[in-house]
Amino acid sequence: LEKRSGARICFEIDPEEVMVIRGTPDQRARARTLAKQLVMSIAEETVEVERDKWSAIIGVKGTRIREMEIESGARMVLREDGPDLVPVLSVHGTPEARASAIKLAMAVIERETTEARMVDDALVGVLVGRRGFTVKLLEAE
């Protein structure tokens, strides 16, 4: 904002949170216009994501969600929303950043989602194999 407007901008929090703009009247007007445009372009979009999929999005110690935030430029938050506590992924940012973040999250869910199937007890040993050999072989494929 400073570079594009030529104004000097700082933020104060005491006694209340304010943006202070210094410069010529034209620079201040340009800075106000740019700030309003920026605020208007940054919105929130929510996508319903089942609670059991959250760990895939978050990753180990939050690494995956941080990587997606860096790559997309959007802020991502998982939360339960509304009176029915619907689990959602809340994405904040520009339209392009939000679209990118949602696309990344959906790709992770698609890739990381597990599927559970009931297996007859007699087949468990066959599927696992000696020392997990069969499972390891299947995972390698």
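**Loops, strands and surface**

Mentor: Start with K61. At 75% relative accessibility, K61 counts as exposed. Keep in mind that this is a predicted model.

Trainee: Where is K61 found?

Mentor: In the loop between α3 (54-58) and α4 (63-72). Phi of K61 is near 55°, a positive value in a residue that is not glycine.

Trainee: What about phi of L85?

Mentor: Positive as well, about 55°, and L85 is not a glycine. L85 sits in the loop between β4 (75-81) and β5 (86-93).

Trainee: How do β4 and β5 pair, and over how many bridges?

Mentor: They are antiparallel, with seven bridges. The two strands make a hairpin with four residues between them. In that turn, G82 has a positive phi of about 80°.

Trainee: Which residue in β5 stands opposite R79?

Mentor: V88. Hold on to R79, we will need it again.

Trainee: Staying in β5, then. Is S90 buried or exposed?

Mentor: S90 is in strand β5. Its relative accessible area is 0%, so it counts as buried.

Trainee: What does the side chain of S90 make a polar contact with?

Mentor: With the side chain of E44, at 2.5 Å.

Trainee: And which residues is S90 in contact with, leaving aside neighbours within four places in sequence?

Mentor: E44, E45, T46, R75, M76, V77 and R79.

Trainee: Switching to charges. How many salt bridges does the count come to?

Mentor: Eight. Take E44 and R79 among them: their side chains meet in a salt bridge, 3.0 Å from N to O. E44 lies in strand β3 (residues 43-48) and R79 in strand β4, so this pair ties together parts that are 35 residues apart in sequence.

Trainee: Which residue does E69 form a salt bridge with?

Mentor: R75, with the closest N and O atoms 2.8 Å apart. E69 is buried, because its relative accessible area is 15% and the cut-off for buried is under 20%. R75 is also one of the residues in contact with S90.

Trainee: Which side chain meets E2 in a salt bridge?

Mentor: That of R8, at 2.7 Å, N to O. R8 is exposed, with a relative accessible area of 51%. E2 counts as partly exposed, at 32%.

Trainee: New topic, β1 and β2. How many bridges join them?

Mentor: Five, and the strands run antiparallel. One example: I9 has I21 as its bridge partner in β2. β1 and β2 form a hairpin, with five residues between them.

Trainee: Which residue lies in the loop between β1 (8-12) and β2 (18-22)?

Mentor: P15 lies there. Look at the peptide bond from D14 to P15. That bond is cis, with omega near 10°.

Trainee: Last one, the surface. Which residues form the nonpolar patch?

Mentor: V119, L123, V124, V126, L127, V128 and V135. Together they have about 510 Å² of accessible area.

Trainee: Which helix gives the most to the nonpolar patch?

Mentor: Helix α6 (residues 121-128), with five residues. L127 is in that helix. At 42% relative accessibility, L127 counts as partly exposed.

Trainee: Let me read back the backbone points. K61 has a positive phi near 55°, L85 a positive phi of about 55°, and the peptide bond from D14 to P15 is cis.

Conventions:
Residues are numbered from 1 along each chain as its sequence is written. This is a predicted model: local features need pLDDT of at least 70, side-chain atom pairs count only at pLDDT 80 or more; totals for chains, interfaces and linings use all residues. Side-chain values use heavy atoms; hydrogens and water are left out. Patches are made of residues with over 30% relative accessible area and no salt bridge: like charges are joined within 9 Å, nonpolar side chains (Val, Leu, Ile, Met, Phe, Trp, Tyr) within 5 Å. Accessible areas come from the Shrake-Rupley method with a 1.4 Å probe; for residues, only the protein chains shown count as cover. A salt bridge is a side-chain nitrogen of Lys or Arg within 4 Å of a carboxyl oxygen of Asp or Glu. Buried means under 20% relative accessible area, exposed over 50%, partly exposed in between (1.4 Å probe, protein chains only). A polar contact is a pair of N or O atoms within 3.5 Å; within protein, one must be able to donate a hydrogen and the other to accept it, and residues adjacent in sequence count only if both atoms are side-chain atoms. Contact means heavy atoms within 4.5 Å. Two strands pair if DSSP finds at least two bridges between them.
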